[in-house]
Every structure is written in structure tokens, then in C-alpha cells.
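The points are grouped by topic.

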Amino acid sequence: MKVLLLGATGNLGSRLIPALLAHEHSVIIFVRSESKLRTLVDSAVLSRCSIVNGDATSTRAIEDAIVAYQCNALINSAGVAAIFPWQAPRMQGIIAAVATAAVEASRKLGYPIRCWFLGGLTVLDFPGKKDTKMSDYFPLFKEHGLTLDCISSKPVQHLKWSLLAPSAMTPTSKEITFLDAPRGNSLIAKNDTLVDWSPTYLTSVPYLGVYADIVKNMMRYNTTLEDCADFLAADLAKEESEHVRHKVGIIASNEKKGQ
């Protein structure tokens, strides 16, 4: 696919560049600061990409890039969500610009744009509780709910979206270098809710039990940036993805219960 990547100077975005190339995608990097990008990513990697300078809150600039390069996919890892519920949203200008640009570009190009957006674990549905989200119990990063509202409101014939909902992501290496082949990943994914949630005897404790379960389970959902990057790149290589129009929970396979 021809993939427009936003947020390439971030922790996940920078690792997406070699992952996308390894999966034989054409990569068009949309970035505000090309000089910063070149300090983070090996020149051997960037030489295989096209670079467009622009503002991630500019709908017109993003749309023009998608159309000019005839992209059929997009990954947005730009922006940092507000942590606490009393904080003003920090990244909705980016989300709205990217989603709208993809829709308008789709109308011009005549085909839908496959898009991945980055959310967080608290946007997922609480396992076994209908119409209840993790953020109802653990009210951090609730801005990801606004991201979901924005992208899910767009017409499906133009925006084939998915929302990755990881917990903490950490690097396995500081170096961003060329990959001769896909590195693979250890992730198991599930649409809309958490994979392999493990309730404990604490669940039955009135009021506090569910919170104790959340604290006990939360660390199990930590992943690596490199695994997440490969997961996204591999999904875009599929002819049809099972994750379209879903928020997607992930867990490393070695964190599954009993392993």
C-alpha cells in the first residue's frame, strides 16, 4: 500500500517507518520538522521514503498529500492525549483534520482510505459489561473516546478506520534502523475489548473489587513499540482486515494467562 504516516518523529511513528518498509509498503512521511526526523531515523531508512512538510492540523495539506501520492492508507500517531478528565483535549484538532482529509481525499480518488488511529486501553469495552468502558472505572486518557466519536462518525465508504488501543508501549531499542525483513510481533488482538481478561476473587468484593482487578491486570497489557509498529504494518498488508471500524485491544502472547 501507499501509506501516509503522521507522527513520524514520535516513539511509535519513528518505528513505523522501517516496519512499513519491511512489509513492502510505500511510505510517505507527513512531518512538521524534517530536521528533527533526520536526527531520529537512519538516513538509509529515510532514503526509501517520500517526505512532505506540513502541519498535522491542516486538513487541506493532509488531503493534498494523500491525493498527490495516491495513498490508499494512512496511519496517524501524531498528538498526545490529555491524561486527566479535567484537562482540555489536546489532540482533537489533529484527529478532526486527519479524518476529514481522508474522507475528502477518498471522494477525489474514488476509493476508501484505510486508516489506523492511535488510542489507549481505557477506550475499550470492559469485559463482560455491556455499554461500559474501561474509562468508566479508570478515568484516564478519556480523550481517546473523543477520537473514537470523531472517526466513527465518518462515512464508512470513505474512511475504513481502526483504533489501536494499547496500554503502555516501551522500546526494545533506541536505534531506528533499516529492516531487511519484517521483524514479526508477539501480539494477540481482539476487537472492542481486552484480550484474555483475568478476573480474580476480588471481583466479588463490593465497590472496590473491580478496581482491584483492573490494577492487577493492567500491567499485563504493556507491549513494545516495535511489536505495535509491526502489527500495524502487517495489518495494512492484508487484503481485508478484520479490524475495520473497530477499536482494537492487544496483548503480548507471553502475557496470556497460563503462559
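**Helix packing and sheet architecture**

Helices α1 and α9 are oblique to each other, a term for angles that are not under 35 degrees (roughly parallel), over 145 (roughly antiparallel) or 65 to 115 (roughly perpendicular). The model is predicted: local features need pLDDT of at least 70 and side-chain atom pairs count only at pLDDT 80 or more, while totals for chains, interfaces and linings use all residues. Residues are numbered from 1 along each chain as its sequence is written, and side-chain values use heavy atoms, with hydrogens and water left out. Helices (H or I, at least four residues) and strands (E, at least two) are DSSP runs, numbered from the N terminus.

**α1 and α9**

- The axes of α1 (residues 11-22) and α9 (residues 225-236) come within 8 Å and cross at roughly 50°; axes are lines fitted to C-alpha atoms, for helices over the stretch in contact, and angles run from 0 to 180 degrees between N-to-C directions.
- The crossing of α1 past α9 is right-handed, meaning that the near helix is turned clockwise from the far one by less than a right angle.
- On the α1 side the contact (heavy atoms within 4.5 Å) involves Asn11, Leu12, Arg15, Leu16, Ala19 and Leu20.
- On the α9 side the contact is made by Leu225, Glu226, Cys228, Ala229, Asp230, Leu232, Ala233 and Leu236.
- The contact of α1 with α9 comprises 10 nonpolar, 1 polar and 3 charged residues, where Ala, Val, Leu, Ile, Met, Phe, Trp, Tyr, Cys and Pro count as nonpolar, Asp, Glu, Lys and Arg as charged, and the others, Gly among them, as polar.

**α4 and α5**

- α4 (residues 59-68) and α5 (residues 92-109) have axes that come within 8 Å and cross at roughly 40°, and the two helices are therefore oblique to each other.
- This crossing, of α4 past α5, is right-handed.
- Thr59, Ile62, Glu63, Ile66 and Val67 of α4 meet residues of α5 including Ala97, Val98, Ala101 and Leu109.
- By class, 9 nonpolar, 2 polar and 3 charged residues make up the contact of α4 with α5.

**The sheet**

- An open sheet of 8 strands has the order β3-β2-β1-β4-β5-β6-β10-β8, with mixed pairing; two strands pair if DSSP finds at least two bridges between them.
- β3 (50-53) and β8 (187-191) are the edge strands, each pairing on one side only.
- From one strand to the next, the twist averages 25°.
- β4 (residues 73-76) runs parallel to β1 (residues 2-6), joined by 4 bridges, and Leu5 stands opposite Ile75.
- β4 is also joined by 4 bridges to β5 (residues 113-118), in parallel, with Ala73 opposite Arg114.
- In β4, Ala73 and Ile75 point one way and Leu74 and Asn76 the other, and all are buried, that is, under 20% relative accessible area with a 1.4 Å probe, protein chains only.
- β6 and β10 (residues 246-252) pair in the parallel sense over 4 bridges, and Ser162 faces His246 as its opposite residue.

**Helices across the sheet**

- α4 lies across β1, β2 (26-31), β3, β4 and β5 and runs at about 155° to β1.
- α7 lies across β5, β6 and β10, at about 165° to β6.

**His158**

- His158 is placed in the loop between α7 (143-152) and β6 (159-165).
- His158 is buried, with a relative accessible area of 14%.
- Leaving aside neighbours within four places in sequence, His158 contacts Ala102, Val103, Ser106, Arg107, Pro112 and Ile113.
- The C-alpha atoms of His158 and Arg114 are separated by 8.6 Å, although the residues are 44 residues apart along the chain.

Key:
Buried means under 20% relative accessible area, exposed over 50%, partly exposed in between (1.4 Å probe, protein chains only).
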